[in-house]
Amino acid sequence: MSINIYPEVTHRLAQHPALDYGTEIDAICDEIQAACKRLGSKEKRLIKVIASCDADTRTKVSMRYKEMHGKELKAVLGNETSGDLGRTLQLLAVPPDVAEAAIVRVATKGIGTSDALVTREKLLYPII
């Protein structure tokens, strides 16, 4: 018996990669694209769009964004934002299992584990 700690869409993607995204997902992708085309501060708009989605929706958005706009959402957000906000948005722009692996990788990178880094990254973990 296993415990499902990731949204159902993560498991479905491993078995059947074709998803019906629907108009809601397309609208979110377009909203992100529009926010990234603007000059100046777009962080509030990106936060509003991405943070309002649950993990299942964010997983679909990350996949659909690439289909619609030809670029990985994580890469787009990395170019548009920086610092802790940029890192958080990038983690929210990938499926939860990928985000969790990235957190573990950063925390254990190099010789030994940095307790300060692990503690800082744990603050991000509950929102993924």
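Q: What share of the contacts in the protein chain with a separation of 6 or more comes from residues 24 or more positions apart?
A: A contact means heavy atoms within 4.5 Å. In the protein chain, 64% of the contacts with a separation of 6 or more are between residues 24 or more positions apart. The model is a predicted one, where local features need pLDDT of at least 70 and side-chain atom pairs count only at pLDDT 80 or more, while totals for chains, interfaces and linings use all residues. Residues are numbered from 1 along each chain as its sequence is written, and side-chain values use heavy atoms, with hydrogens and water left out.

Q: How many helices and strands does the protein chain have?
A: Helices (H or I, at least four residues) and strands (E, at least two) are DSSP runs, numbered from the N terminus. This protein chain has 8 helices and 0 strands. Read from the N terminus, its elements are α-α-α-α-α-α-α-α.

Q: Which residues does Ile28 touch?
A: Leaving out residues up to four places away in sequence, Ile28 touches Val49, Cys53, Thr57 and Val61. Ile28 and Ile50 are 22 residues apart in sequence, and their C-alpha atoms are 8.2 Å apart in space.

Q: Which residues of the largest nonpolar core touch the most other members?
A: In soluble globular proteins, nonpolar side chains tend to be buried together. A nonpolar core is a set of buried Ala, Val, Leu, Ile, Met, Phe, Trp, Tyr and Cys residues joined through side-chain atoms within 4.5 Å. The largest one here has 19 residues, and Ile32, Leu46, Val61, Leu73 and Leu77 touch the most other members. At least two residues of this core come from each of α2 (22-37), α3 (43-51), α4 (55-69), α5 (73-80) and α6 (83-92). The most come from α2, which gives 6 residues.

Q: What does Leu46 touch?
A: Not counting residues up to four places away in sequence, Leu46 touches Ile32, Ala35, Cys36, Ala51, Leu77, Thr81 and Leu89.

Q: At what angle do α2 and α3 pack?
A: Axes are lines fitted to C-alpha atoms, for helices over the stretch in contact, and angles run from 0 to 180 degrees between N-to-C directions. Angles under 35 degrees count as roughly parallel, over 145 as roughly antiparallel, 65 to 115 as roughly perpendicular and the rest as oblique. α2 and α3 pack at about 165 degrees, with their axes 9 Å apart; the two are therefore roughly antiparallel to each other. The contact is made by Ile28, Glu31, Ile32, Ala34, Ala35 and Cys36 of α2 with Arg45, Leu46, Val49 and Ile50 of α3.

Q: Is the crossing of α2 past α3 left-handed or right-handed?
A: A crossing is left-handed if the near helix is turned anticlockwise from the far one by less than a right angle, and right-handed if clockwise. α2 passes α3 in a left-handed crossing.

Q: How do the residues of the contact of α2 with α3 divide by class?
A: Ala, Val, Leu, Ile, Met, Phe, Trp, Tyr, Cys and Pro count as nonpolar, Asp, Glu, Lys and Arg as charged, and the others, Gly among them, as polar. The contact of α2 with α3 has 8 nonpolar, no polar and 2 charged residues.

Q: At roughly what angle do the axes of α2 and α4 cross?
A: They cross at roughly 65 degrees and come within 9 Å, and α2 and α4 are therefore roughly perpendicular to each other. Their crossing is right-handed. Residues of this contact include Gln33 of α2 and Tyr65 and His69 of α4. By class, the contact of α2 with α4 has 7 nonpolar, 3 polar and 4 charged residues.

Q: How far apart are Gln33 and Tyr65 in sequence and in space?
A: Gln33 and Tyr65 are 32 residues apart in sequence and 8.6 Å apart in space, C-alpha to C-alpha.

Terms used:
Buried means under 20% relative accessible area, exposed over 50%, partly exposed in between (1.4 Å probe, protein chains only).
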